[in-house]
Each structure stands twice: as structure tokens, then as C-alpha cells.
Amino acid sequence: MRSDPLSVIEVAPEVVLLHGFAAPTDALDAAVEVVSAAAPFRQLKTPGGRPMSAFMTSCGACGWYSDARGYRYEPADPSTGKPWPAIPAVFAALARAAADAAGFGVFEPDTCLINRYVPSAQMGAHRDADERDFSQPIVSVTLGTAATFLWYGLERRGSPLRIRLFPGDVLVWGGAARKGYHAVRKPEGGTRYNLTFRKAL
Ligand code: SIN
Ligand code: FE2
């Protein structure tokens with residue numbers, strides 16, 4: 001992890017890019033393998049029944065889930081009935097350090113959603129709003145390959161800010177930006193992974 005203050009850029013109010021903060025990513029990449037061996041990536045469906053293009057899994061005390069019953073956090077993996085794998089120590093240390101470096105203070109996430117994007121996968125504009133505690137920031141980590149992230153802000157209209165995220169980049173948003181709309185474009189070749197740390201419960 002880097003602590004170079006020059007790598008801290010506030011790209012919008014309370015949206016902070018920590019360029020290269022998680023580099024090198026080898027230990028994180030290995031931890032993704034460990035988590036996904038226990039809780040395999042799967043293609044969730046929206047409540048309306050459409051398959052999401054990113055494959056997902058989770059670790060922590062709960063995991064984000066979606067099906068016909070809606071968007072929610074599940075205490076166990078519905079596909080196996082087993083608790084989600086624990087958040088790897090290397091993940092937890094990164095999330096804490098990133099929130100602190102971005103100026104959000106003490107952050108203890110209880111879940112990490114892992115998205116896997118093949119080259120045709122992307123994510124439309126949405127906001128992270130299924131958590132109980134909006135006082136806590138979101139810590140979002142790019143692994144694998146680069147992609148363009150779009151930040152709309154509190155309303156889903158107008159032309160968004162475009163931020164190219166490279167492997168090892170960490171984006172943190174919180175405070176008044178916590179419920180900001182965002183989206184991500186297709187990865188730039190290869191497979192991209194994204195870790196999203198949240199305090200959900
Ligand atoms: C998300 O908003 O859930 C994913 C963001 C990303 O992949 O960068
Ligand atoms: Fe999101």
C-alpha cells in the first residue's frame with residue numbers, strides 16, 4: 001500500500017481517487033481466488049429477472065444479493081447455504097487504510113462485494129443504497145484491467161465525470177457523496193475485478 005500524499009485526488013466533493021494505492025495487487029488477486037473457491041462467482045438476476053452482466057461473489061458477515069425478491073444483504077450464500085467466507089486480512093487492511101488516506105477516518109466494513117467483468121460486461125448507473133448505515137464510506141478497488149468509471153453525483157442526469165481506473169487504483173466516496181450515482185464501462189481488454197467494501201449492517 002502506498003501513502004504518497006500526491007496520489008490522493010479529490011475528483012468531486014467527497015469522491016477521492018487514491019491512484020495506485022493498492023499496487024502491487026498480487027496478494028489481493030490471490031485473495032480473490034481464495035474467496036471465489038469457497039463462494040463461486042455467479043450471475044445474479046435483477047428483481048425484474050434480467051441477468052446482470054458482471055459475475056459476483058461476496059465475503060464478510062453478509063453478502064449483497066439480488067433475485068426476484070429484491071436487492072438485499074444475505075447472511076449466508078444462498079447458492080451453498082454456507083456463511084460467506086471471511087474478509088481476507090489483506091482486504092480488511094487495504095479498506096481501512098484507504099478510507100483513512102481519503103479522509104474518512106475509521107472504517108470497519110462488514111462486507112466486500114467482488115464483481116468480475118469479462119470484456120463485454122459493464123454496470124449501469126445506480127447508487128449503493130441497500131445498506132443500513134450511510135454514515136460509512138464506500139471503498140472501491142480495481143484489479144485485473146482498466147475501465148472507465150462514471151460519476152454522476154446525486155442525480156442520475158447530465159454528463160458524468162469520467163475516471164479511468166487502473167489496477168491498484170482505489171476510489172473512496174462518502175459523506176454527502178455517499179449516495180451518488182455511478183456506473184462502469186466495459187473493461188479495456190481482459191477481465192476486470194472490482195472490490196466494493198461497505199458497512200451494510
Ligand atoms: C459497482 O458500483 O458496484 C461497481 C463499480 C466498479 O466496478 O468499479
Ligand atoms: Fe455501486
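In the classification used here, Ala, Val, Leu, Ile, Met, Phe, Trp, Tyr, Cys and Pro count as nonpolar, Asp, Glu, Lys and Arg as charged, and the others, Gly among them, as polar. The model is predicted: local features need pLDDT of at least 70, side-chain atom pairs count only at pLDDT 80 or more, and totals for chains, interfaces and linings use all residues. Residues are numbered from 1 along each chain as its sequence is written, chains are lettered from A and ligands numbered from 1 in the order in which they are written, and side-chain values use heavy atoms, with hydrogens and water left out.

**Exercise 1. List the residues around ligand 1 and divide them by class.**

Step 1. A residue is near a molecule if one of its heavy atoms lies within 4 Å of it. The residues around ligand 1 are Asn 115, Tyr 117, Met 123, His 126, Phe 149, His 182, Val 184, Arg 192 and Asn 194.

Step 2. Applying the classes to this shell gives 4 nonpolar, 4 polar and 1 charged.

Step 3. At least two residues of the shell come from each of strand 6 (111-117), strand 7 (123-126), strand 12 (181-184) and strand 13 (192-198). Strands (E, at least two residues) and helices (H or I, at least four) are DSSP runs, numbered from the N terminus.

**Exercise 2. Find the polar side-chain atoms that lie by oxygen atoms of ligand 1, and state how much of the ligand the protein buries.**

Step 1. The cut-off for a polar contact is a pair of N or O atoms within 3.5 Å; within protein, one must be able to donate a hydrogen and the other to accept it, and residues adjacent in sequence count only if both atoms are side-chain atoms.

Step 2. An N or O atom in the side chain of Tyr 117 is 2.5 Å from an oxygen atom of ligand 1. For Arg 192, the distance from a polar side-chain atom to a ligand 1 oxygen is 2.7 Å. For Asn 115 it is 3.5 Å.

Step 3. Ligand 1 taken alone exposes 250 Å², and the protein buries 98% of that. Accessible areas come from the Shrake-Rupley method with a 1.4 Å probe; for residues, only the protein chains shown count as cover.

**Exercise 3. Identify the backbone features at Glu 14 and Pro 24.**

Step 1. Most residues other than glycine have a negative phi, and most peptide bonds are trans.

Step 2. Glu 14 has a positive phi, near 65 degrees. Glu 14 sits in the loop between strand 1 (8-12) and strand 2, and is partly exposed because its relative accessibility is 30%.

Step 3. The peptide bond joining Ala 23 and Pro 24 is cis, with omega about -5 degrees. Pro 24 belongs to the loop between strand 2 (15-18) and helix 1.

**Exercise 4. Relate sequence separation to C-alpha separation for Gly 168, Thr 145 and Thr 148.**

Step 1. Gly 168 lies in the loop between strand 10 (161-165) and strand 11 (170-173) and is buried, at 0% relative accessible area. Gly 168 and Thr 25 are 143 residues apart along the chain, with C-alpha atoms separated by 6.0 Å.

Step 2. Thr 145, in the loop between strand 8 (138-143) and strand 9, is 46 residues from Thr 191 in sequence and 6.1 Å from it in space, C-alpha to C-alpha.

Step 3. Thr 148, in strand 9 (residues 147-153), is 65 residues from Pro 83 in sequence, and the C-alpha distance is 33 Å.

Key
Buried means under 20% relative accessible area, exposed over 50%, partly exposed in between (1.4 Å probe, protein chains only).
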